[in-house]
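Read it alongside the coordinates.

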Amino acid sequence: MKNTYADLIDQTYYFPQEGFDLRNGYLHFHGVSIEHLIEQYGTPFRLTYLPKIGDQIKRAKNWFNKAMRKNGYKGKYKYCYCTKCCHFQHMLTEALTHDIHLETSSSFDIDLIFKLFESGKLTKSTILIHNGYKTDDYLRKIIQLNKMGFKNSITVLDSMVELERLNTMTRKTLKIGLRLATDLQPQSDYYTSRLGIRPSEIIDFYKNKVASKKRVKLKMLHFFVDSGVKDNLHYWGEFKKALEVFVALKKICPELKALNLGGGFPIRNNLGFEYDYKYMVGEIVRNIKETCDNEGIEEPDLFTEFGKFTVGESGAVIFEVLEHKKQNDREDWYIINNSLMNTIPDAWSILEKFILLPINKFRLWTIKL
Ligand SMILES: Cc1ncc(COP(=O)(O)O)c(C=O)c1O
């Protein structure tokens, strides 16, 4: 009778699959023997397979560049990594070897930028997108970058009051972006994201407050659909609204050169994961190109800030099952030697799923049928 754990996986999914492999009944992650690591380090531990980070960056660049070529798109594609997704030095250092740019969300992220610059891992030409709500400390550090000569630092205003606060802190030229507030998906508890500026106010804000400030240059429009880049009505609806705002702004502000699509590429968080990245990128690029052609405006450079897509599939956390408990006739619990609460990467992961696989016992575990 086929009733081992390995049989169950085999029947349900295509397995082994990219990144996961079985050798002598033990799980290998990207060809690395987890068994050996456990012998060497004990449990629990966190591991990162660094080459996966570069692979992900190359995949996204390829999809965008190919789609741009196919559509005769004249703008460029810029891959940014959002530092808040995983701050570890080894992750950032690896990502930066793949010709990328960075997005920051807080004053703490700028400290990372200073350190990375000191150690020669980024240059003053690296594009730095400053998103998030701007505390005084965050603004001061952005200005400091500006004074140091980081010529591609763009402050994306999350709220209209940030303009005056930023402008009064320096006499230098400032490159800014505007974040457009998006509506949340219908099943959400709230209607509109607290992040960014309302679509109905953004054009007037530019006309009345930004345009007259000669030192302030609007370079980027940014939007981010919280629920991710998905082929559904909600995503395309928000995308279309953002594109309309971009067109309207571009017509009154020719120096607006970039559209920042934010993060939100999904990752393989279960063995049955299916997502057509190439198709989504193709549709995004085609739609922007078509709209720009119809409106007679030049295509913007496209920016993304993929967080979990960059790092999420490169890592794993290894636990040991300390006890198998049965609290009633139907439910089994594994008590592990760590807390999942300490292990999830950030608050955004709370409702996310992760792949959970045994390292050993693939052939020994039997499933009750
Ligand atoms: C502005 C912004 N950019 C990028 C990201 C990264 O999102 P993801 O990890 O889904 O790519 C986030 C996530 O909250 C964000 O708020």
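Does the span of helix α9 agree or disagree with what 1.5 Å a residue should give, and why? It agrees, because the 20 residues of α9 (residues 233-252) should span 28 Å and the end C-alpha atoms are 29 Å apart. The expected span is 1.5 Å times one less than the number of residues.

This is a predicted model, where local features need pLDDT of at least 70, side-chain atom pairs count only at pLDDT 80 or more, and totals for chains, interfaces and linings use all residues. Residues are numbered from 1 along each chain as its sequence is written, and side-chain values use heavy atoms, without hydrogens or water.

**Barrel.** Eight strands form a closed barrel in the order β5-β6-β7-β8-β9-β10-β11-β12, with parallel pairing. Neighbouring strands of this sheet are turned by 30° against each other on average, direction ignored. Helices (H or I, at least four residues) and strands (E, at least two) are DSSP runs, numbered from the N terminus. Two strands pair if DSSP finds at least two bridges between them. Strand β7 (residues 128-130) pairs with β8 (residues 153-157) in the parallel sense over three bridges. Leu128 stands opposite Ser153 in β8.

**Helix α9.** Its buried residues (under 20% relative accessible area, 1.4 Å probe, protein chains only) include Trp236, Phe239, Phe246 and Leu249. The buried residues of α9 pack against β9 (174-180), α8 (199-210), β10 (216-223), β11 (258-260) and α10 (277-295).

**Lys219.** This residue is found in strand β10. Leaving aside neighbours within four places in sequence, Lys219 is in contact (heavy atoms within 4.5 Å) with Lys175, Ile176, Glu255, Leu256, Lys257 and Ala258. Lys219 and Ile154 are 65 residues apart in sequence, yet 7.7 Å apart in space, C-alpha to C-alpha.

**Hairpin.** β14 (residues 321-326) and β15 (residues 332-336) pair in the antiparallel sense over five bridges. They form a hairpin with five residues between them. His324 has Tyr334 as its bridge partner in β15.

**Ligand.** There are 14 residues around the ligand (a heavy atom within 4 Å), and Lys84, Gly264, Glu305, Gly307 and Lys308 come nearest.

| Residue | Residue atom | Ligand atom | Distance |
|---|---|---|---|
| Gly264 | backbone N or O | oxygen | 2.8 Å |
| Glu305 | side-chain N or O | nitrogen | 2.6 Å |
| Lys308 | polar side-chain atom | oxygen | 2.8 Å |

Conventions
Axes are lines fitted to C-alpha atoms, for helices over the stretch in contact, and angles run from 0 to 180 degrees between N-to-C directions. Buried means under 20% relative accessible area, exposed over 50%, partly exposed in between (1.4 Å probe, protein chains only). A polar contact is a pair of N or O atoms within 3.5 Å; within protein, one must be able to donate a hydrogen and the other to accept it, and residues adjacent in sequence count only if both atoms are side-chain atoms.
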